[in-house]
Amino acid sequence: MDRRIRVLVAKPGLDGHDRGAKVVARALRDSGMEVIYTGLRQTPEMIVSAALQEDVDAIGLSVLSGAHMHYFREVKRLLSEQQADDILLFGGGIIPDEDVPKLKDLGVAAVFGPGTSTQDIVAFLQQSAPKRWAAQGG
């Protein structure tokens, strides 16, 4: 089956710096994935709503503001409320190393820091999405 991975890339909160999110979105697209970039200043509710409407396999959050714990926690909570826990949640930005295990405990599948190769993000999704599909029975 030739199924394309669908990824929503989002910038939650008031942080107006989206260059990294755009670089990641383009790299995912260039690798053959379908990418929905929601733009700046998204609320967790807007992000989850768009993810459900677009039937994505994964949500990538780019957080540079220091509010990463709040945004990841809220997006994860809203996904759970919508019975959409199987959507992969990953992210990157300026996230202190000591917060990475906390995010993983919340259910964040992967955290990519500054300087991460976009190919590492592509590889993560290429490995993770088929596991999600298999768990869905398709």
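Which exposed residues does the face of α1 turned away from its buried side carry? They are R19, R26 and D30, as the legend to View 1 sets out. The model is predicted: local features need pLDDT of at least 70, side-chain atom pairs count only at pLDDT 80 or more, and totals for chains, interfaces and linings use all residues. Residues are numbered from 1 along each chain as its sequence is written, and side-chain values use heavy atoms, with hydrogens and water left out.

View 1. Helices (H or I, at least four residues) and strands (E, at least two) are DSSP runs, numbered from the N terminus. Helix α1 comprises the twelve residues 19-30; at 1.5 Å a residue these should span 16 Å, and the end C-alpha atoms are 16 Å apart, which agrees. The expected span is 1.5 Å times one less than the number of residues in the helix. A21, V24, A25, A27 and L28 of α1 are buried. These buried residues fall within an arc of 165° seen down the axis, so they line one face of α1. The arc is that of the directions from the helix axis to the C-beta atoms. Buried means under 20% relative accessible area, exposed over 50%, and partly exposed in between (1.4 Å probe, protein chains only). The elements covering the buried residues of α1 include β1, β2, β3 and α5. G32, with a positive phi near 105°, follows α1.

**View 2. The buried side of helix α2.** P44, I47, V48, A50 and A51 are buried in α2. They cover an arc of only 160° around the axis, which puts them on the same side of α2. Packing against these buried residues are β1, β3 and α3, where contact means heavy atoms within 4.5 Å. D55, which follows α2, has a positive phi near 55°.

**View 3. The largest nonpolar core.** A nonpolar core is a set of buried Ala, Val, Leu, Ile, Met, Phe, Trp, Tyr and Cys residues joined through side-chain atoms within 4.5 Å. The largest has 24 residues, and those with the most contacts inside it are L8, I59, L61, F72 and V75. Two or more residues each come from β1 (6-10), α2 (44-54), β3 (58-63), α3 (68-81) and α4 (100-106). Helix α3 gives the most to this core, with five residues. V75 touches P44, I47, V48, I59, L61 and L89, not counting residues up to four places away in sequence. A second, separate core of 19 residues includes L88, I121, V122 and W133.

View 4. Rings of Phe, Tyr and Trp (its six-membered ring) pair if their centres lie within 6.5 Å; planes under 30 degrees apart count as stacked, over 60 as edge-to-face and the rest as tilted. The whole structure holds three aromatic pairs. The ring centres of F112 and F124 are 5.7 Å apart and their planes stand at 65°, so the pair is edge-to-face. F112 belongs to strand β5 (residues 110-112) and F124 to helix α5 (residues 118-136), so the pair ties together parts twelve residues apart in sequence. Both F112 and F124 are buried. Ring pairs link F90, F112 and F124 into a cluster.

**View 5. Loop residues with positive phi.** Most residues other than glycine have a negative phi. R41, in the loop between β2 (34-37) and α2, has a positive phi near 60°. R41 is partly exposed, with a relative accessible area of 48%. Q83, in the loop between α3 and β4 (88-93), has a positive phi of about 55°. Q83 is exposed, with a relative accessible area of 67%.
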